[in-house]
Amino acid sequence: MSWGTELWDQFDNLEKHTQWGIDVLEKYIKFVKERTEIEISYAKQLRNLSKKYQPKKNSKEEEEYKYTSCKAFLATLNEMNDYAGQHEVISENMTSQITAELARFVQELKQERKSHFHDGRKAQQYIETFWKQLEASKRRFERDCKEADRAQQYFEKMDADINVTKADVEKARQQAQIRHQMAEDSKAEYSSILQKFNHDQREHYHTHIPNIFQKIQEMEERRIVRIGECMKTYAEVDRQVIPIIGKCLDGITKAAESIDQKNDSLLVIEAFKSGFEPPGDIDFEDFTQPMKRTVSESSLSNSRWDGKSEPKPGSKSKGKLWPFIKKNKLSLKLGGGPEDFSNLPPEQRRKKLQQKVDELNKEIQKEMDQRDALTKMKDVYIKNPQMGDAASVDHKLAELGQNMEKLRLEAQKFEGWLAEVEGRLPVRTEQSRRQSGMYDTQNTSGLNNCAQDRESSPDGSYTEEPSQESEMKVPVTEFDDEFDDEEPLPTIGTCKALYTFEGQNEGTISVMEGEMLYVIEEDKGDGWTRIRRNEDEEGYVPTSYVEVYLDKNAKGAMTYI
């Protein structure tokens with residue numbers, strides 16, 4: 001079926017239809033363009049999501065990613081990043097293979113359509129102009145025929161009238177002949193124009209217009225084929241990334257399958273194991289029989305209650321804070337601790353020391369590699385002086401030697417501490433095992449020193465009253481039982497929390513904005529104030545986070561409110 005033969009008289013409708021076809025193409029281009037924008041936006045959101053949950057460098061989160069579940073989550077984030085990349089590929093391919101190509105095709109199509117319909121209008125105007133010439137020739141022939149008939153009738157009338165002179169009759173005859181000749185000429189002209197018009201009209205409707213309409217038809221069919229190809233490309237672009245997306249999803253599945261709950265449980269043990277033994281049974285002490293009580297760890301702790309009110313049954317011991325908090329308060333605020341990690345339980349201290357020794361050994365090896373490289377460079381300079389001055393390397397070699405010596409001394413120091421810890425880990429007393437649940441981050445010397453520090457507090461806010469038994473010379477256990485039943489510090493005022501503070505470090509306490517608490521130790525110039533919430537909760541908060549109301553009448557003997 002050809003538009004040239006079937007639609008020879010539908011020029012205007014074809015013009016509207018082809019314009020509609022171009023509009024459809026432009027609509028499809030707009031659709032694909034919006035799809036690419038969605039893909040880019042989706043990829044960007046996925047990348048931002050992946051980045052948001054990535055562990056921050058040099059933060060506590062990095063330590064959490066030693067667990068298999070966290071590793072699997074990290075692998076999921078990385079796979080999602082690759083997944084987002086495939087959506088970017090979809091956008092790029094659709095833009096280059098569909099949007100850009102179709103935009104160029106539409107421009108070419110518009111130019112071609114304009115040319116075809118220009119030719120059609122030109123042919124149409126030609127045949128219409130020729131038609132007007134034919135009509136004019138026809139009217140002129142008709143007019144000349146009528147005038148010739150009137151001239152002939154006039155001649156015949158003059159010729160029959162006997163009263164008309166011969167000259168008038170001759171004149172009428174000549175006029176009739178002239179009109180008759182003009183009619184013949186008009187007839188010939190009309191016949192010629194008619195024949196030519198019929199020929200041109202046949203050419204117009206059977207040759208020119210069909211050819212033009214055929215080209216328009218082919219143009220329209222190319223448009224239809226092209227939009228179909230673009231739809232296939234649209235699907236193919238998506239299909240091409242499916243295998244890679246599948247690999248991303250397989251990676252997520254593989255990461256999930258790699259989660260090992262037993263391994264994570266072992267990591268928890270490694271992370272928090274103190275190395276202490278659980279406390280054993282407590283010996284029964286019979287107070288009903290008069291007898292001399294032997295000085296023991298238990299009697300030492302009980303003697304502290306002599307002359308004082310007995311603790312309430314069922315109540316928790318007061319002052320259960322770490323006994324070394326006050327001593328190590330500054331290091332806690334600065335985020336550090338003792339160089340030998342003596343503030344940690346034995347097992348954790350051993351791991352920290354081992355980690356430090358490994359780091360120092362790596363640094364030493366790095367310095368040695370640099371020294372070897374410089375030594376080789378010096379040898380090359382000695383053999384080939386034109387390549388460089390061998391003396392220029394000596395300063396760097398000397399500097400490396402000094403650094404290595406410092407690192408070796410540092411490593412020996414930590415190795416000594418490590419050997420000391422590994423040599424005494426299993427030795428524990430019954431009483432120290434009892435206290436290990438409370439003091440799982442401090443060693444022996446640290447605890448005893450802190451105990452002395454508490455009793456000789458320079459601020460004068462709290463001083464232990466030694467009882468008769470506590471003054472006796474007794475063997476000092478690894479954890480002095482004095483801390484087990486330490487009396488609470490008295491309140492010296494109140495404070496209001498100005499901001500919320502999350503106490504995440506040992507010895508600190510979390511407070512909420514607007515909360516009212518008791519002050520038990522004011523800021524000593526280090527920026528921290530010690531507060532208490534209730535009998536069991538007390539710790540340090542930044543002084544700038546609270547508004548303190550000190551009681552001017554407060555004395556060292558003030559009781560807990």
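The legends below describe close-up views of a predicted model.

**View 1. Helix 2 packs against helix 4.**
Helix 2 covers residues 11–52, and helix 4 covers residues 68–160. The axes of helix 2 and helix 4 are 8 Å apart, and the packing angle is about 165°. That angle makes helix 2 roughly antiparallel to helix 4, since angles over 145 degrees count as roughly antiparallel. The crossing of helix 2 past helix 4 is left-handed.

**View 2. Helix 2 also comes within 11 Å of helix 5, axis to axis.**
Helix 5 is formed by residues 166–257. Its axis crosses that of helix 2 at roughly 15°. Helix 2 and helix 5 are therefore roughly parallel to each other, because the limit for that term is an angle under 35 degrees. The crossing of helix 2 and helix 5 is left-handed.

**View 3. A salt bridge joins Arg 35 and Glu 39.**
The N to O distance between the two side chains is 2.7 Å. Arg 35 and Glu 39 are four residues apart in helix 2, so about one helical turn separates them. Arg 35 is buried, as is Glu 39. This pair belongs to a structure that holds 23 salt bridges.

Glu 142 has a relative accessibility of 42% and so counts as partly exposed. Lys 146 is likewise partly exposed, because its relative accessible area is 45%; the partly exposed class lies between the 20% limit for buried and the 50% limit for exposed.

**View 4. Glu 538 and Arg 530 meet in a salt bridge within a network.**
The N to O distance between the side chains of Glu 538 and Arg 530 is 2.9 Å. Glu 538 counts as buried because its relative accessibility is 9%. Arg 530, at 5% relative accessibility, also counts as buried. The network of salt bridges links Glu 538 and Arg 530 with Glu 521 and Arg 532.

**View 5. Leu 49, Tyr 53 and Phe 73 make a nonpolar surface patch.**
The patch has an area of about 280 Å². Phe 73, one of its residues, is found in helix 4. With a relative accessible area of 35%, Phe 73 is partly exposed.

**View 6. Gly 401 in helix 10 is shown with Met 368.**
Helix 10 covers residues 391–424, and Gly 401 has its place there. The C-alpha atoms of Gly 401 and Met 368 are separated by 8.7 Å. Along the chain, Gly 401 and Met 368 are 33 residues apart. Gly 401 counts as partly exposed because its relative accessibility is 31%.

Technical notes:
Residues numbered from 1 in each chain as written. Predicted model: local features only at pLDDT ≥ 70, side-chain atom pairs only at ≥ 80, totals over all residues. Heavy atoms only, no water. Patch = residues over 30% accessible without salt bridge, like charges linked within 9 Å, V, L, I, M, F, W, Y side chains within 5 Å. Areas by Shrake-Rupley, 256 points an atom, 1.4 Å probe, with all protein chains shown as cover. Salt bridge = Lys/Arg side-chain N within 4 Å of Asp/Glu carboxyl O. Helix = DSSP H or I, 4+ residues; strand = E, 2+ residues; numbered from the N terminus. Buried < 20%, exposed > 50% of the residue type's maximum accessible area, 1.4 Å probe, protein only. Axes fitted to C-alpha atoms, helices over the stretch in contact; angles between N-to-C directions. Parallel < 35°, antiparallel > 145°, perpendicular 65-115°, else oblique. Left-handed = near helix turned anticlockwise from the far one by under 90°.
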